[in-house]
Amino acid sequence: MKSWGKWSKMILIFGLVFGLLISLNKGAFAKDVIKFGCAMSFTGKKSRTGKLYIDSLKLAAEAINKSGGIKVGNKSYNIEIKFYDDKSDPAESAKLIEKLVTEDKVNFLLGPYSSGITIPDSIVAQRYKIPMVEGGGASGKIFSRHNPYIFGTLPAAGQYFRTTLEMLLGFKPKPKTIALIYGDDKFDISVAKGAKKIAEKLGLKVVLYEKISEGSADFNTILTKVKAKAPDALLMAGHTEGGINLVQQAKELNVNVKMISLTVGPSEADFRKSLGKDAEYIFGVASWSPQMNFKGIIFKNTKEFVKIFKERYKYDPDYHNASAVAELAVFKSAIERAGTLDPQKVRDAIAKTKIETIYGPVEFNPNGQIKGSSVVLQIQGGQVYQVYPKGTKKPIYPMPKWKDR
Amino acid sequence: MLLQIIVNGILKGGLYALMALGMSLIWGVMDIINIAHGAFIMLGAYCTYWLFNLWGVDPFISLFLSIIFMFIIGYGIQRYLINLVIRATIFITLILAFGIEIFINNLALVMWTADVRKVQVPYGASNFSIGCVTIPYVRLGAFFIALVIALVFYFVLNKTRTGRSIRATAQDLDAARLVGVDVAKTYALTFGMGVGAAGAAGTLWAVLFPINPMMGGILTLKSFVVVIIGGLGTMFGPIIGGLTLGVAEALGSNWFGTTYENFISFTILVLVLIFLPKGILGKSE
């Protein structure tokens with residue numbers, strides 16, 4: 001028994017030493033890494049859209065590493081993204097960003113999904129003076145705080161419906177009235193306020209302008225009001241689940257408007273799957289669509305990105321996915337231009353970004369938000385098409401009544 | 001338009017009533033405030049979703065399956081879990097129910113992810129009109145099913161031997177035990193019935209609204225409000241409570257804006273607690 005104990009001890013020591021040698025060796029040969037930190041909604045209310053960012057960021061990071069990483073001076077670095085689950089909770093997200101900076105010592109930060117969560121996260125980024133590029137928050141409130149460390153790749157929320165409203169003016173018979181409803185959420189409020197201003201400037205009458213409580217699944221009351229006011233178009237700023245509820249209940253209550261347009265939803269595959277045929281003719285807004293084609297930094301061009309993405313994840317990418325790729329493209333170009341990992345110098349390089357990505361041209365306003373506008377989508381025959389401006393298909397207006405389908 | 005809003009409120013009230021029926025039963029008989037009630041509704045909804053998506057079972061048929069399935073789950077949970085602590089203070093059962101809720105929610109999140117899902121039946125949004133009022137079939141169906149289940153509960157509780165033993169246990173535990181009622185089994189049956197009703201509510205919810213694993217929380221709250229408004233101790237309490245809440249919410253959100261829906265619910269709750277502490281139909285002691 002005694003001699004066995006001795007042997008086992010020796011084997012253990014030998015094993016430990018050997019293991020240590022191997023791990024040291026591996027450390028010596030591995031490429032240095034640039035660490036990115038990201039708190040994203042893996043679970044909770046925002047997790048469905050959060051997943052789009054996670055998928056995209058992972059794919060883009062792999063593509064960067066496969067094609068030689070990021071060059072800083074003469075040295076090339078691989079990148080690594082450290083993810084945490086913020087449970088769709090802004091307070092939790094801010095805590096995790098703090099953890100990423102202080103414990104995980106990440107070099108740079110990637111943004112979360114949705115405006116309400118981006119605001120507290122961006123404040124933490126500012127406190128530690130680490131640049132954050134985010135592709136998931138578009139509310140003006142993120143960029144009006146004079147925070148030099150936040151950059152966003154989604155166009156200003158207040159401008160989201162501009163193209164839709166401009167398109168409306170070209171329809172025959174010319175629409176005169178719109179109803180505008182919006183969720184109780186930072187992004188939705190920004191969208192609605194902006195849209196109201198633009199609509200009034202364009203001479204459209206806003207006959208109903210009302211907020212809906214976040215998390216409410218019942219739109220019966222508001223739809224009854226819409227029916228009574230009979231506007232030409234119904235525009236809603238909300239998130240996917242609300243959009244599905246709105247369309248289904250509009251059909252339940254037989255509310256026939258000539259057009260329904262939603263901010264988030266129509267571009268996502270889940271929205272179409274959930275509503276089936278009832279999703280037809282619904283309009284959407286997006287900063288990007290897979291039918292566009294741009295040269296990219298990480299992927300060769302938009303077409304190639306869409307192809308690789310679909311092979312890997314078996315669903316169509318939408319603007320959230322592309323916006324996430326743009327986050328990393330901005331960092332890659334900025335770090336290479338700065339030639340250092342110093343957060344301050346990289347921040348300055350990001351501010352001067354002027355590149356083309358698979359998401360489109362990226363250039364930032366002085367407040368950190370991208371210069372750009374949105375395109376109008378419509379679901380036709382189960383597919384999403386860009387219909388304005390210069391779409392692949394013509395918009396269908398008015399949409400047929402529920403009874404005539 | 002006002003008429004339409006009232007009709008909307010009544011139909012929604014029917015769904016509220018169905019949601020609250022089970023909670024009211026469990027609360028009335030065992031003095032357990034079942035915080036996990038919403039989670040059981042969620043399970044019922046997913047039960048319907050999978051039956052529909054995997055085998056094409058129509059929700060109005062899977063209604064029965066989800067009632068049975070949820071009954072078994074409820075029976076098991078009471079028999080082998082809650083019965084262990086039922087003699088402890090109400091606080092302990094509250095915590096246990098809370099734990100069950102967290103467990104079920106997170107299990108659902110792991111198994112089915114947080115994706116928003118929808119039972120897409122062809123007749124999902126069909127409707128008919130009487131004058132200027134449009135009535136969706138599914139909501140009307142939900143309303144009647146709530147009434148039928150309330151009647152079934154009423155019948156079971158008042159006309160059958162099982163029901164008598166349930167009521168006996170609720171009234172005087174020791175006396176019931178003395179005359180030979182198997183209390184543990186009766187409790188399990190009651191809990192099973194309550195959870196079965198939650199399953200039915202889940203099925204109808206899934207036909208009307210998108211579902212996700214975290215949907216239960218707000219439903220527990222709404223059921224709670226309905227039970228308090230209607231009053232404990234009678235099967236018609238939740239129905240009156242549900243209808244009151246449904247109509248009040250519909251009218252309130254019409255007058256003050258939809259953001260105030262929850263504000264209205266909880267204001268009514270406070271008012272009822274002040275002026276009718278036993279609820280509208282609650283029996284005074």
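User: What makes a residue of chain B count as buried, and what percentage of the 285 residues does so?

Analyst: A residue is buried if 20 or more other C-beta atoms, placed from the backbone, lie within 10 Å of its own. In chain B, 53% of the 285 residues count as buried. This is a predicted model, in which local features need pLDDT of at least 70, side-chain atom pairs count only at pLDDT 80 or more, and totals for chains, interfaces and linings use all residues. Residues are numbered from 1 along each chain as its sequence is written, while chains are lettered from A and ligands numbered from 1 in the order in which they are written.

User: How many helices and strands does chain B have, and what makes a run count as one?

Analyst: Helices are DSSP runs of H or I with at least four residues, and strands are runs of E with at least two, numbered from the N terminus. Chain B has 11 helices and 2 strands, in the order α-α-α-α-β-β-α-α-α-α-α-α-α from the N terminus on.

User: Which residues are in contact, and how many does each chain give where chains A and B meet?

Analyst: Two residues are in contact if their C-beta atoms, placed from the backbone, lie within 7 Å. The contact takes 32 residues from chain A and 29 residues from chain B. Helix 9 of chain A gives the largest share of its side, 7 residues.

Methods: A residue is buried if 20 or more other C-beta atoms lie within 10 Å of its own, exposed if 12 or fewer, and partly exposed in between; C-beta atoms are placed from the backbone.
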